[in-house]
Structures are given as structure tokens and as C-alpha cells.
Amino acid sequence: MNILKVFQHLGHDTLNIFQTLGRAMLFFLHVLGGIPSVLMRPRLLMAQLYSVGVLSLALILVSGLFVGMVLGLQGYNTLVDFGATESLGLVVALSLVRELGPVLSSLLFSGRAGSALTAEIGLMKATEQLSGMEMMAVDPLKRVIAPRFLAGFLAMPLLAVIFSAIGILGGHLVVVDMIGVDAGAYWQMSEKVDFFSDVFNGIIKSIVFGLVVTWIAVFEGYDALPTSEGVSRATTRTVVFSAFATLGLDFLLTALMF
Amino acid sequence: MPDNNPIVVKIRQLKFSRGARYIFDDIDLDIQRGKITAIMGPSGTGKTTLLKLIGGQLRPDAGHIWVEEQNISRLSTNKLYQLRRRMGMLFQSGALLTDISVFDNVAFPLREHTNLPESMIRTLVLMKLQAVGLRGAHRLMPSELSGGMARRVALARAIALDPMMVMYDEPFTGQDPISMGVLVRLIRTINQALDLTSIVVSHDVNETLQIADYVYVLSHGKVVGHGTNAEIRHSQSEWVHQFIHAQADGPVPFHYPALDYRDDLLR
């Protein structure tokens, strides 16, 4: 009997997962269908770009600065033994542009903006605001979800680029200004970092992360149970699934790109 | 039926279930144009579900719902949305958009569905707010409103596009006597002034019977009684009698189904 129950649960959970994935896919297609109407009303997009992008800026700037500083310091401690401190700029820049910029900004973005999107949409559902819109013949997927989705998708790569840029400056602050490595040697990396294979690939990563993380955030909000517990669980799921998706996809993309 | 006004909403053999539980089991119902029709019944009888079925937010398992002779469950999304522009719905919670002001809430359907200039939208919004007595509150945010005021703003929003029909979901629940009185009067006057058809879903017997032209009483998925006010008040049906006279026990039992009390205690 017990083994039967285990299989029953397993089957039930597996079905649930596939049903959710199916709903998420249909939801995604429906939201894509709403993108043209968002482009016709740039004001809606601007408001969301502000709350998703501009309001995440402080977190990205501060985190990027510190990550760059730590990279510089750790790199110096390792490379000084080999007399290779002139490569420090390259180490900092490549780590940031290829990996840490896109990955860390995606993780920070899901914690700051993704969770806020889920909670906002989930509460709109719980307080019948989405249902109310439907009854006013306004499609909430077009009016509420699509602008938020597009804003997240656009903001994420910009934030990742800013993260990497401020990180490189943070590295400069430690390596050149505090430790005293030659500035010319630090900036030598600008000749060695390849735009297409390094910078461009990093941006592609952040575009993929932006798409997936924002998709998870808006879907979890829309799919949340309309209760306080439901919204709280959905918000947690957004952060957890975004982290899994970012790190898993990062491995996949790195294997394909480099 | 009190007289022979045309039927706006016609429901036939409606069945709807959630999981294994039947919410509606073979329901027939008619809503007449220009009248206030009340749908009454104890909590949990699916009154709100009925409004969602009429608005096309839910689809019936079997049976048909016609609104203005259009079969709701067979309409394309576009047609359904066009029809919804002519239906207003007042949610129990008000369902106001919490991030914009009272003014913008009432202006919302106008801005979404019309290309009217902002000056005209302002005039229309102030007229609708005047009708519910809240013109002076147009700058407030929804969080600054009392429950009764929020419902009045939601009413102004529901009539913003001059619909042919307004559905009220439990409009009196949780209101103090003054705002209850205000809402009762508003539903009546707005129905007359705008030549609307109203469906009021409620379990507040006295308030609803004051304004309803025709009443349906639902219980356990069935229509257990219908008629004019007077007919309902003097109904011989045990179900209707228990509900209208607020008796704790009757066909709707006081006790949730359970084991025998004595056996349960001695187990």
C-alpha cells in the first residue's frame, strides 16, 4: 500500500510540474502577444523601467564596486608571488565581463526586482484587481504583465553592463590607487579583452538571464494562490528558481560560448 | 415575472462544479431589462461564481448563458471583451487599482477604451464621482478610503462607460448602517437614472428586499425559490423561509455533517 502511495505522489507531483510548465509556456506566448501594445504606449514601459531598472541601480552599483575591489585584492595576493601583477587588470575585467557581471547582477536583480514583481502581481490577483480589469474588458496580461516583462528584459543587460563597468573601476581603486600597481599595466587589459568573444558573449548571457528571471517573476505572481501565504510562497519560489535558472544556464552558455 | 420586459441574461440548465462539489446543478434564471434582480442565498452557495459565469470569467460545465442573446461560453475573446465593456461589475472588495488615485481609477476604463481628450475625461469622471457623492475625494488614494467609500468609487468606475448592466457582488457586506443605507439608495437611483439592469448578489435580506424587483434564492446548487419581494417574503418553501427569517436551523442544517454526537464523545 505504502509503495503504491509513493508512486501515486510521484505521479501527481510530476504531472503538476508538467502542468505548471505548460501554463508558463502559454502565459509566455500570451505575454509576447501583448508586447506590441506596450510599444504603442511607451509611458507604461517607462514607469516599469523606472521601478524595475532605475530602483535596482543603487544595489547594482554598490555590489559591483565591492565585487571589483575584492577581485583586485584577491588577484593581487595570488599574482604578486608570480610577479604577474601587470595581468591584474585582465583578471578583474575578464572575471567580471564573462561571468560575475551577468551572473551576480541576475541574482541581485531577482532578489530586488523579481521578488517585487511577483509580490505586486500576486497581491493584485489576491485583491481582485486583475479580475476587475478583466471585467472592465482590459486584458491584464497586456496591461499589467507585458510592460513589466519587457522592462525586466531590457533592464537586466543594462544593469549587468553597469555592474561590470563599476567592478572594473572598483578593481582600479584597490589595485592602482591603494596598492600602487601601475595604472598603465591595469588598463592594458583593454587591449586584450576581445569585444566579441568576451564582452558580447557576456551581454548575451545577461539577455538570456533577464528573459528567464523576469519570466519566472511575472509568471509566479500571476500563478500565485490568491492568499497571503500563496503570495509569500510565490515570492520565495521566484528567488529560488531564478537562482537555479541563472546558475544552470550560466554553465550551459559558458560551455557553448568559451 | 412581474411584467414582460425583455430578458437581458438568460440562464438554462446551468451546471458548474469545483472538484467533486456541485456549485450549480441545473439552474434556470432570467434577468429582465431595467429591473434590479437579486440573487440571494447563504454563504458558499456560489453567488459570486454565478456573476463570474455571467461575465465569462468562468465557463459552465454544461448548460447555457445568454447575455443579450449572445452565448457567453461560445464567444471569441474579442467579442467577449466587447460585451464586457457594456457590463459593469462591483467587486466585494472594490478591486480598485491601489497604485493610482480615485480620479485615475474612475478614468481607467475611459482611458483604456476611448480616445476622448483629457478635458472630457475629467468632466465625465467628475460627473460619475458626483453621482456617488465623492467628487471631493477625487485626489485621494484608495488606501485613504473607508470600505464604503471604496465601494462607491468602484461603483463610479463600473458606470464610467455607461454600461447596460451592472453586477453587484455582496455590496452591503461589512458596511456600517449609514454607508449601507447610502449604497441601497445609490443602487436604486443609479438603476433608474441610467436606465440600467442590475444584478445584486447578497445575503443581506432586508437591504436587498428593499430594492429588488425580483428575487432568486439559491441553496445547495438549486434555485429554491423565486418571485417578487412579496412572494418571497410569504413563500411557503422551507428553504426560503429559513433564509428570509434568519433561522439557525432548518433545511440548511446548523451542524456540519458529523458522526453521532454521543458516539463521537465516547470514542
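**Exercise 1. Determine how many cavities of 30 Å³ or more the model holds, and characterise the largest cavity.**

*Solution.* A cavity is a set of points on a 1 Å grid over the protein atoms alone where a 1.4 Å probe fits but cannot get out, and lining residues have an atom within 4 Å of a point. Grid points are joined across faces, edges and corners, and a volume is the space filled by probe spheres set on the points. The model is predicted: local features need pLDDT of at least 70, side-chain atom pairs count only at pLDDT 80 or more, and totals for chains, interfaces and linings use all residues. Residues are numbered from 1 along each chain as its sequence is written, chains are lettered from A in the order in which they are written, and side-chain values use heavy atoms, with hydrogens and water left out.

Step 1: the largest cavity has a volume of about 130 Å³. Its lining comprises 15 residues, of which Met135(A), Met136(A), Met87(B), Gly88(B) and Ala158(B) are the closest to the centre.

Step 2: two or more lining residues come from each of α5 (129-135) of chain A, and β6 (87-90) and α5 (147-158) of chain B. Helices (H or I, at least four residues) and strands (E, at least two) are DSSP runs, numbered from the N terminus. The greatest contribution, three residues, is that of β6(B).

Step 3: by class, this lining has 10 nonpolar, two polar and three charged residues. Ala, Val, Leu, Ile, Met, Phe, Trp, Tyr, Cys and Pro count as nonpolar, Asp, Glu, Lys and Arg as charged, and the others, Gly among them, as polar.

**Exercise 2. Describe the contact between chain B and chain A.**

*Solution.* Step 1: chain B supplies 21 residues and chain A 16 residues to the contact (heavy atoms within 4.5 Å).

Step 1: the buried area is about 1,700 Å², with 56% given by carbon and sulfur atoms; buried area is the accessible area (1.4 Å probe) that two parts lose on being put together, summed over both. On the chain B side, Tyr81(B), Phe108(B) and Glu112(B) lose the most area, together 30% of what that side buries.

Step 2: two salt bridges cross the interface (a side-chain nitrogen of Lys or Arg within 4 Å of a carboxyl oxygen of Asp or Glu). Glu112(B) and Arg143(A) form a salt bridge at 2.6 Å, N to O.

How values were computed
1 Å grid on protein atoms, 1.4 Å probe; cavity = no way out; pocket = protein on both sides within 12 Å on 5 of 7 lines; lining within 4 Å.
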